[in-house]
Amino acid sequence: MAMDTQPMETPRDAAPEVAVIILNWNGSKLLREFLPQVVSTTDTSVARVIVADNGSTDDSLDYIAGAFGRDVEVWPFDRNYGFAEGYNKAVAKAEGYKYVVLLNSDVATTDGWVNALHAFMESNAPVGACQPKLLAYTRKDHFEYAGASGGFIDRNGYPYCRGRIFDTCERDSGQYDTVADIFWASGACLMIRRDLYLRAGGLDAAFFAHMEEIDLCWRVKLAGYAIAAVPAATVYHLGGGSLPAENPRKTYLNFRNNLLMLHKNLPDDVRGAFLIRRRLLDTVAWVKYVLTLDFANAAAIFRAHRDFARMRKDYTRHPAVNLLATEPGASVNILTSYYIRNRRRYSDIR
């Protein structure tokens, strides 16, 4: 899809069209570290910074009121609705805004970040959602795991990014600074048309965490919209604060949710064979954990497949179109490229 990479200027007298929504639950420490920079780098003529609070019991709300006053709007919820449902409630509440940004509370933004995303969306009507370039907060010359410079899915359903393949994050030397048509945008900083978010059904609360934004982006693309990476906007993501990479809980969620995502979004004529192949590959991962005596992660994979078998029954509607048959990034097999051919960079794999 052709995109206008020279977006128009945003009218300076326009009312803010973007709601930058930060979901918080007892995150006072992160708010103190990251929110001042978000506020100072967000153009108020374009966007309003909003903290949707999931029933925090720490001093988060007192801190926001004392430090920012009316510069940050607070939407207090009566309890903790979790990540997906919390954002769904907040987006539903954001009436009057054309776009919403799902912004993690551990993201540091830079000057002009929201202007670049907003102007790009205004100039590219077929684009439903986009993301900035994500760099690592603790290693600022490297891409960040959660989305780097735009995400894809390979032929086996494994996510990868421009700038990140599996656990290898590349150094940023401007090699992915072009606008790109991508398969998924990172939930760490995701701008999406509000009406489209609602029509697509928002984030799937059953996922709890991990891959819920990829599932949403898949539905956005099924609705006929494109997803884009806009590297003219840059943010820095801390990431990994809740669950380390080898945490069995994270292993469980990643394996279970990947299977759920594929089951939901693949059509009937290919879904069965696709899932059989994926489950065989997951068995190889299980054997690897057993052989290395990592029984906790091996058990996590077993639980993921057990719970997938139970949860898949809740999803009875499937698309008629196989997006992976036409997506350029889905022609890649990152398993063989990464582990057998030792190709660790996106540019080498593609």
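The structure holds one cavity of 30 Å³ or more, where a cavity is a set of points on a 1 Å grid over the protein atoms alone at which a 1.4 Å probe fits but cannot get out. The model is predicted, with local features requiring pLDDT of at least 70 and side-chain atom pairs counted only at pLDDT 80 or more, while totals for chains, interfaces and linings use all residues. Residues are numbered from 1 along each chain as its sequence is written, and side-chain values use heavy atoms, with hydrogens and water left out.

**Cavity**

About 40 Å³ of space lies in the largest cavity, a volume being the space filled by probe spheres set on grid points that are joined across faces, edges and corners. The lining, made of residues with an atom within 4 Å of a point, includes Ile-22, Leu-103, Asn-104 and Ser-105. Helix 1 (residues 28-41) gives the most to this lining, with four residues; helices are DSSP runs (H or I, at least four residues) numbered from the N terminus. By class, the lining has seven nonpolar, two polar and no charged residues, with Ala, Val, Leu, Ile, Met, Phe, Trp, Tyr, Cys and Pro counted as nonpolar, Asp, Glu, Lys and Arg as charged, and the others, Gly among them, as polar.

**Salt bridges**

A search of the whole structure finds 17 salt bridges, each a side-chain nitrogen of Lys or Arg within 4 Å of a carboxyl oxygen of Asp or Glu. The table gives three of them.

| Pair | N to O distance |
|---|---|
| Arg-219 and Asp-215 | 2.7 Å |
| Arg-278 and Asp-282 | 3.1 Å |
| Arg-345 and Asp-348 | 3.0 Å |

Salt bridges that share partners join Asp-204, Asp-215, Arg-219 and Lys-264 into one network. Arg-219 and Asp-215 both lie in helix 6 (residues 212-222), four residues apart, about one turn of the helix. Arg-219 counts as buried because its relative accessibility is 16%, and Asp-215 is buried at 0%, where buried means under 20% relative accessible area, exposed over 50%, and partly exposed in between (1.4 Å probe, protein chains only). Arg-278 and Asp-282 are likewise four residues apart, in helix 8; Arg-278 is buried at 2% and Asp-282 at 1%. By contrast, Arg-345 counts as partly exposed at 43%, as does Asp-348 at 33%.

**Surface patch**

Trp-286, Val-287, Leu-291 and Phe-302 form a nonpolar patch on the surface, with about 430 Å² of accessible area together. Such patches join nonpolar side chains (Val, Leu, Ile, Met, Phe, Trp, Tyr) within 5 Å, taken from residues with over 30% relative accessible area and no salt bridge, and the areas come from the Shrake-Rupley method with a 1.4 Å probe. Helix 8 (residues 268-291) gives the most to the patch, with three residues.

Methods. Patch = residues over 30% accessible without salt bridge, like charges linked within 9 Å, V, L, I, M, F, W, Y side chains within 5 Å. Helix = DSSP H or I, 4+ residues; strand = E, 2+ residues; numbered from the N terminus. 1 Å grid on protein atoms, 1.4 Å probe; cavity = no way out; pocket = protein on both sides within 12 Å on 5 of 7 lines; lining within 4 Å.
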